[in-house]
Amino acid sequence: MSKRSRESLSRTDTIALGSQDGDDAEVIISSDEEARSPSRKRPRTNEVQASPMTYATTTVMRQLDEDGSEAQSVPMVSNMRAASMATRQVLQSGHNNRIKTTPEQKIAREILTLLKHEFLPVEDFSYGKKEASHLWQSKTASRKFRSKLQAMLEASKEALKADPMVLELPSPCYVLGDLHGNYKDLQFFSRSFWQMGVDLSPARFVFLGDYVDRGPHSVETTAYLLALKVLHPDRVFLLRGNHEFAESNGDTNYNPCFKDSCQQVFGPKIGIKMWEALNGVFEWMPIAATIDKKIFCCHGGVPRCVKNFSPSSSSSSSSGVSSPSKKAPPKSPGKKTPEVSLLDTIKGLKRPMTDDSVQGHLEDDQDYLALDLLWADPATPQEEKITKGGWFGPNERGDDVIVFGFNAAKRFFELTGCTHMIRAHQPPTHGIEYCKRASIMTVFSSSHYCGRFNSAAIVLVSEGRIRVATTVTSRSAALTRTSSSIREGDDGEDDDEDEDEDEDADQDDEEVDLDAEEDFDEEVYV
């Protein structure tokens with residue numbers, strides 16, 4: 001293993017570069033937030049995970065140069081790629097002969113074909129210029145794309161309607177965070193992890209929302225994902241983010257907002273209609289998912305109503321059963337109101353979900369359920385001090401948005417039976433960040449967000465492990481001490497770094513009730 005891969009790790013940092021000498025050993029480091037250095041090396045084993053499945057996290061890196069070109073791949077990432085294109089052609093030929101394509105799927109396939117062959121990368125593209133990374137090669141192709149997208153709207157809505165509000169998925173699953181119109185990075189992940197095609201991948205694909213706003217290609221990014229959903233409704237799952245609401249993606253301060261992007265692509269009049277129609281599609285997106293009933297996925301975080309639920313017995317808690325601390329009176333004499341779990345409460349959220357139902361006149365904690373699942377952030381070490389004993393506190397985003405502390409996360413896991421949460425909503429410097437003893441993972445899949453130099457990441461949940469692959473730009477590799485607890489809503493303005501971050505983390509251990517029995521290992525391949 002190279003000397004570089006042995007350098008110490010900070011609380012919010014991951015390995016900057018993978019080993020280039022093919023060393024395939026595992027380095028085990030503590031997943032505690034205060035982990036500083038790798039520990040002993042140990043050989044790999046192929047032991048089957050015991051039941052019930054428990055998860056550890058793995059981080060691998062893939063180099064992405066400043067100009068957007070791919071550098072030499074880390075061995076494990078190369079191995080994660082699918083089979084050769086020749087193999088795909090043979091398999092696809094038989095696949096197509098067995099399955100009949102519906103008219104809606106034919107339209108979706110045509111959209112993907114147009115994007116692949118007519119919406120091509122710009123030469124000499126630079127992320128820092130905030131310019132388009134791809135351009136249509138002809139007006140005819142662009143016009144055909146617009147027509148096909150309009151024709152696919154209803155099929156997209158129906159595909160999303162068929163999904164429950166809380167998806168229950170088995171592993172393996174790829175999980176991606178915010179994209180924000182970054183079509184270039186989306187295609188980078190496509191080439192790297194499902195180049196053979198979604199239909200021939202053994203994994204499912206979970207996207208955590210925020211597909212639009214701020215990036216140059218919100219319309220094309222949305223079209224690509226909706227086309228995948230129509231083609232592969234049992235493989236591709238699109239969760240809703242806080243930007244999949246008209247009130248957010250119509251805000252011109254996002255520069256460009258989704259409304260502006262639609263008008264730019266479709267023209268002023270048709271653009272407004274398409275923006276409204278696409279928001280009508282967004283209203284049917286699920287709000288959360290579970291993987292193997294152990295990993296909870298959403299865009300935001302822990303809802304404040306967990307304080308209204310009391311953990312059931314240990315046997316019930318492991319299956320995700322919980323009951324409200326205050327039971328409603330029975331509807332009729334002699335009948336008891338059945339206990340309702342937190343997951344069942346989330347599943348009971350109504351669709352179509354509009355702006356008013358999320359940010360309207362909210363009275364009690366349970367009314368904030370959708371808002372928190374879309375907007376809440378994990379508390380930083382400094383913010384833990386204002387969370388009233390590790391529960392909840394005000395968020396610098398303003399309005400009714402909250403941050404959640406360690407005890408809130410712990411209660412959430414007790415109520416749901418999950419052990420980890422994978423969420424998005426914030427751009428860590430290296431595309432991934434672990435907190436609350438690595439039980440909360442933040443993944444962001446759009447690099448160079450708002451002119452920054454953050455990396456993009458993708459998560460693979462498989463075989464009892466949570467693996468993370470992340471791009472590394474030359475600038476982000478140098479920023480190994482940059483704080484990654486950035487609020488997404490600051491439009492790229494620099495935040496002041498906390499010089500006493502390490503000291504605050506140590507103080508946080510004394511102030512927050514950490515469960516000594518919880519032990520999450522982070523495995524880093526270098």
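Modeller: Leaving aside residues up to four places away in sequence, histidine 134 touches Phe119, Leu120, Pro121, Val122, Tyr183, Lys184 and His217. The model is a predicted one, and the values that follow are computed from it. Histidine 134 lies in strand β5. Its relative accessibility is 6%, so histidine 134 counts as buried, the cut-off being under 20%. The side chain of histidine 134 also makes a polar contact of 2.8 Å with the side chain of serine 133.

Leucine 135 belongs to strand β5 as well. Here the relative accessibility is 47%, and leucine 135 is therefore classed as partly exposed, a term that covers values between 20% and 50%. With residues up to four places away in sequence again left out, leucine 135 touches Glu118, Phe119, Leu120 and Val122.

From strand β5 the account passes to helix α4, whose buried residues pack against β5 (134-136). Helix α4 runs from residue 139 to residue 161 and has 23 residues. From its first C-alpha to its last, α4 reaches 33 Å, which is close to the 33 Å expected at 1.5 Å a residue. Methionine 152 is itself one of the buried residues of α4, together with Ala141, Ser142, Phe145, Leu149, Leu153, Ala155, Ser156, Ala159 and Leu160. In general, an α-helix has 3.6 residues a turn, so residues three or four places apart point the same way. Besides β5, the elements against which the buried residues of α4 pack are α3 (103-118), α6 (218-231), β9 (236-238), α8 (258-266) and α9 (268-282).

Strand β17 pairs in the parallel sense with strand β11 (residues 295-297) over three bridges, and isoleucine 422 is the bridge partner of cysteine 297. Strand β17 also pairs in the parallel sense with strand β19 (residues 440-443), again over three bridges. In that pairing, isoleucine 422 stands opposite methionine 441 of β19.

Histidine 425 is placed in the loop between β17 and β18 (432-435). Its phi is near 80°, a positive value in a residue other than glycine. With a relative accessible area of 0%, histidine 425 is buried. Lysine 436 is found in the loop between β18 and β19. There phi is near 50°, again a positive value in a residue other than glycine. Lysine 436 is buried too, with a relative accessible area of 3%.

Elsewhere, an open sheet of three strands has the order β14-β16-β15 and mixed pairing. Its edges are β14 (377-378) and β15 (392-394), each of which has a single partner strand, so one side of each is left without a neighbour in the sheet. Strands β15 and β16 (residues 402-404) run antiparallel and are joined by three bridges; in β16, valine 403 is the bridge partner of glycine 393.

One leads from serine 171 to proline 172, with omega near 5°, and proline 172 is in the loop between β6 (166-169) and β7 (173-176). Another joins arginine 351 and proline 352, with omega about 0°; proline 352 is in the loop between α11 (342-347) and α12 (355-359).

As for the setting of these parts, the chain has 16 helices and 22 strands. Of its 526 residues, 56% count as buried. Among contacts between residues at least 6 apart in sequence, 74% join residues at least 24 apart.

Key:
Residues are numbered from 1 along each chain as its sequence is written. This is a predicted model: local features need pLDDT of at least 70, side-chain atom pairs count only at pLDDT 80 or more; totals for chains, interfaces and linings use all residues. Side-chain values use heavy atoms; hydrogens and water are left out. Helices (H or I, at least four residues) and strands (E, at least two) are DSSP runs, numbered from the N terminus. Buried means under 20% relative accessible area, exposed over 50%, partly exposed in between (1.4 Å probe, protein chains only). Contact means heavy atoms within 4.5 Å. The expected span of a helix is 1.5 Å times one less than its number of residues. Two strands pair if DSSP finds at least two bridges between them. A polar contact is a pair of N or O atoms within 3.5 Å; within protein, one must be able to donate a hydrogen and the other to accept it, and residues adjacent in sequence count only if both atoms are side-chain atoms.
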